[in-house]
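My notes follow in the order in which I checked things.

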Amino acid sequence: MGNLIEKIPVYTPQAQTQRKSTSSVDTGALNNIRENHLLTEIQNRFPQDKIYTYIQAEPISPAKTRPAGIKARKPSGELIKENIFQSAASTVKSYGDYAKFFYNAAFKGEGKDYSVGKINDLSIRAGSLGIAAVLAGTKFFPFARGMEFVGLATWFASMAVWPKILGVPIKALYGVDINQKYKDSDNRVKMVYEDNQYRPIDIFRYVDVDGTPMSEEEYHKKYNRDYIYLEKIGDKLGIPKDIKNRNEATMNKMGQIAVQGKTLWMLTAGVMTPVLSSLAADALQKPFKDTLGFFRTYIHSNNLNQLQQHVEKMLGNQNVPRTTDINKLFEEFKINIPKDVENEFLSLIPEDGIFSQEQFDRLKNFLEKRFYGTGIHTSLDAAMKIDAKMTEPYVSLNDEFKTQLRNLVKESFDEVIAKLPADKKAKLPESFINYQGMNAETLNNLLKELSLDGVNDLNKVNQDVLRKYLSLGVAAPFEKDMQGNRLLREALNRIKASISEKTLALYDSKRHYIISKQHIEKIFKFTEMNLQLRDSIKLFEKATIKNISESATAISWETVPQKYLKALGFSNKELAILATVDSDRASKLIAERLEKIAANESLYQKVLQTMSKYAQKAVSKEEKAVIQLVGTIDNPGALFKLRELMTSCAQANFGWGMAKSVSDFYNISIHNVQRKFRNTMDSFIRPIKALDVFKHLDELVERMIGNEFMFNERKGNPDYHMFTDMSFSTAKASVKKYIKNIILQKNDINDWTTKMEVELPAGKRGLKSSFPVLCSLAEQIFSPLHEDTVRIITGNNPKKVPQNKAFIRKLDVNNWIMKSRFLRIDYKLSELNGAENYMTQKEALNGFIQDLRYPEKANAAYNILSEILEDRIADVGERIVPGGNTLTLERLKNYKKILEDFRSGQYKLIPGYNIESSIQCLKESSCFEFKTANKAISEMSGKNITDFIVSAAQNQRSRNKWLKLVYGLLIGSLAVSAYTIANMGHKNKFNKDIYETKQPSQGALK
Amino acid sequence: MVTVSNFITNPTDRPAQKGNLVSTINKNHSMEKSFSAKPQKHEPIDSRKYKQDTVLKNSLPNRMWVNFIKTMDIPMIHFPRGFMGTPDYTFYEFLQTAKFPYYIGGPILAALFYAGVKKDNFKSAKAANKVAKHMALGVGFYYVGAALAKSIVNNTLKITRGIDLKHPYAKAISTSTSQTGDFKKEVEFRTLYESCEFTRTDLIFDHKGTEKNIDPEKIIKKYGVKGDVNDADQTVKPLIKKSIIMARAWQYALTAFFVTLGIGIANQQAWDVDSRIGFKTLWEQKVKNKSLPKKVRLQNLKSIANEYALQPFVKSCKQFWQGHSKASSIIGKSVILSTAAATLLAISLISTKTSARGHKLESSGTNIKQNEEVK
């Protein structure tokens, strides 16, 4: 029961002293005289009244012991003066004490108000930590999880910091530190002004003027009187000097200010704690995110590099053969199959490798479930077919089976015969009625005839053969009796049918699959290995390029659009409109903004430079990841190499089917990575191109519809039918409007044409029926950047020029690729217009290939072709044209070499270089074409500008709203605080400030 | 001079009526002056409801009323007095003002958080809705959790020992301290057991309060002191102190557990079901609809409560237990289990360790009937 029981006083019965009624008379002489005197006087005054005497009470439980040796302690409290770090350290230390307080209180019931109160502090912290942990548990990503704890920390920090902030001006103005702590005689840390009714004035006795607590001796060496500190504060507070008890008056004033300060604290804490916490957490977000992102990328990129090294080791080289042994690969990659999965798998495989139908189905289900969505499971069947017994049910031809066969023959006979009526039985031959069943020899002979005597397991064909001939064989001895005996024939037919049926049933019960345990384990292990390796690569993708919360690309997507928005200079009002209106109105606003920027040369330059700076940053981050994963033709990345290794491993172990599946499995990843990169790139550079188009719109339009003269010339041309009834200026204005629209809004060609018809309502045919216009439109919109724009982005900083030039090249190539994707429509158009075939992608690219011959065009052609060729790395191992050869890395390298030769002009130096065959080789490579089937254009391209900006505006607007609220609360609270602090310590109804003038003899408060 | 005729002819000068002898003495005083009586010094009327510390009735409505008054006093009395820096400002008042940030801090943080959530497009508006729902539930469940933790401990003590930590009493404030009539503080509503060092056992055992709202015999009995025992209150007082300390410690500790549990339950997907429209229609058609008979409406109310509160609650508890990942399942399970364990421990410790059974007690004399376990 703890110590308390021992402390509970034990009461012993008191001997009830029999008090005499006269006891008062007997006691103390002096008392007696006084009492008697009183008594007589009373008796004299009130003679008629009865007199009662008062008997003094005796305590029921008188204290037996008188406390000895205890005297009032000399107060030993002292002020605490510590800096912010010491204060933090002592706070941390105090939680240890609080835990002790809790133990004593909760388990022993010991404590005091002070210690019990401190348990609350501890429990609030513990509870908040619990809440943070629980909330972090609901989050899926490390940053979100971490922010729960950051939020918790900032919350408590701002809770602690706000009174300190309030205390600074109060102390500066009045000399009163509302946060002043002291240690009381029991070493308990308390606030000096905690209880206004308890003022520990003593602790100010030996305090230096600057507030430093001193020992008595030290103090007296320096000063000749106590409370020098209070005197100084009294001066600061303007307490008159010549009054009585001046230090007490000072202390009272200090009390007033402390009460006011603490009330202000309580009024504002509820607002300021969340506000400061929110601001601090917001400020910490970026550094926290960046640090976390850096470490994540670092760790996963390191892991990827290690994996690549392992893969390269296993891939071997000219001297070292390639490793395709699954067990060796398992060891090399340190693959661990989860124990429960492995156990489940093993439990599904019988030791002898013989599966019943049910067992087989269960295994198949397990594998399908485990490897669902990998594409690999589809080839499991194929892989298992390496031995036919794996997918075909077998029946073992053993002695037991043979006996059962003979038994069923006899049974069939007996059943049929038993059913025959007696009169019919008489008509049947004796040998039939008394059939004794098939003997073992007959069955063996039959099997020998069917050449099944050496077979252990019957496959499906053999099963059918045996079933057929068994019934025939049984009927054979009665063949001669059957002639003319219709009854026997019928009976035998029935028996045959019964035997056939029963055999089938027997097969069903006996059927099994035979799968070598070793082989199925190999398949399982191989698939598991691929899954795990893919997962480890996925971790890298998640940290960098994947479209998932908190990846590097997601962070770019959070920040870059915001920077663009800022560069474009929308006002808050415009942002609010952008965030809420439909996309048509939003794009109108954006168009206006872009026009304004295009009209102002210096603004145009500034915006362009800012946007290209941020785009470069974001794009280069992703490009790095792509290079690490996929690599280039000259230096393939981890994912590519892994595919190569695993494909050869599958080929060696399971054959072509599995190899194809595995190759596809990795190819999908490679394609996704490439597409993601293209998508981001396109999204971020599109606004730059849009600005370029807006700036040079007149030029573009003239290139499209010609100048006024050409326009009028073309009027009769059916290709320009949409301009038939238009003047040049109207046509120009309409096309301008149209281009602005499509550049800002839609991604899809169908939207283009619809929009064109809205803008140019010349009949119903519109743009769709005019190749030249459509194609020149695409040509203009996706054209390379205007030379002025190029000059602006390139800039003058020699350090950055090459980098900027590379960026512009990428931008132009991307535009070209996008254009060719849009031009997919060509095929449809060519059908529509019959023979008139303007330009297909292939033709366009062939045009570039032709350009390689001309030195002045070779560079531009090289840029585009090599970029497209690099994308082809995803298709290695596939037939890019049906019926064609499989694309290999060597072929790609070869094509690249040709391109290099043309760009550098090397081919001219090599004697006998066959230009024609090189060009032909490129043309026939089928590499310069896009596989665009089954994919929406919007999926292959980036975000359109309106969506891009609207989404950024929505983000900015929520942030603005938050800023408005948070700063509103902050400024409001600060204003209230400032006003209150400025008016503290004033005379009022409660504090009348009436002082009594000091008498000459009056000294300081001692 | 005082003359008889003067005294008779001038009735207004009668001191008995006027209470002023001076005017009658000085004949030369003008009438007006003699009429102006010196203002009498009245004792201030003591309008206080509680003229001494009084134990109040410990009923729920009464406690709610007291809490209401206390809450109203925070802005009406304590804050103004604090801002004036009144010399008689007490620690009690400071603690009252400290409730203000406790109640507005959480909601303001939630509001700030919600203000920063993107709401402008359909997808983000939906997500924001979800966030808001979780936050509102979280704030609600936080306070519910805290109240639940306190009430579990309090009820344990109430059942086992007959003392209620919430038992209110009115502390009468001396009239001498209020220096002016502004923001006059007449009473501080406190609880009998708020301090373990200065527990108001005087109000419990000495029947000082005018309204006798407490039965000391019952408390003594509940503490396990049986029979006619000498100075039973002296035995019980230290045990009450022990009970208060234990109970407070466990109240604080359980609060930490229960608020964590509350927030955990509030942040499960079970609450994500977009139910506003369904709920509104059902509410308007099945419950608010007055054409339906009352019984049916009540039944409907029950089923709605079941569907929109109870079922998600149960489901969210399950989800919290299971978690969506290994870490969250560990967190969920450990929070639920540790809350249950801590609650049981608290109840068992409080109900076993505060009893007087096993203490040596002495009978008051005549009727020697000892406590059960006297050794």
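**Sheet in chain B**

I began with B:Pro168, which stands opposite B:Thr191 in β3(B). The model is predicted, so I kept to its limits: local features need pLDDT of at least 70, side-chain atom pairs count only at pLDDT 80 or more, and totals for chains, interfaces and linings use all residues. Residues are numbered from 1 along each chain as its sequence is written, while chains are lettered from A and ligands numbered from 1 in the order in which they are written.

I then looked up the pairing of strand β2 (residues 168-172) of chain B with β3(B), and found it antiparallel over five bridges. Strands pair here if DSSP finds at least two bridges between them. The open sheet has three strands in the order β1-β2-β3 (chain B), with antiparallel pairing. Its edge strands are β1 (54-55) and β3 (187-191) of chain B, each pairing on one side only.

**Chain B overall**

I noted 13 helices and three strands in chain B; these are DSSP runs, H or I of at least four residues for helices and E of at least two for strands, numbered from the N terminus. Of the 375 residues of chain B, 30% count as buried (20 or more other C-beta atoms within 10 Å of the residue's own, C-beta atoms being placed from the backbone).

I checked helix α7 (residues 122-161) of chain B for its span. Its 40 residues reach 57 Å from first C-alpha to last, close to the 58 Å expected at 1.5 Å a residue (1.5 Å times one less than the number of residues). After α7(B) comes B:Gly162, with a positive phi near 70°.

**Helix pair in chain A**

I looked up α22 (residues 552-568) and α25 (residues 601-629) of chain A; their axes come within 9 Å and cross at roughly 175°. Axes are lines fitted to C-alpha atoms over the stretch in contact, with angles from 0 to 180 degrees between N-to-C directions. The crossing makes α22(A) roughly antiparallel to α25(A) (over 145 degrees). Among the residues that meet are A:Val560 and A:Tyr564 in α22(A), and A:Met611 and A:Tyr614 in α25(A).

**Interface**

I finished with the two chains: 69 residues of chain A are in contact with 66 residues of chain B (C-beta atoms, placed from the backbone, within 7 Å). On the side of chain A that touches chain B, the largest share, 17 residues, comes from α9(A).

Conventions. Parallel < 35°, antiparallel > 145°, perpendicular 65-115°, else oblique. Buried ≥ 20, exposed ≤ 12 C-beta atoms within 10 Å, placed from the backbone.
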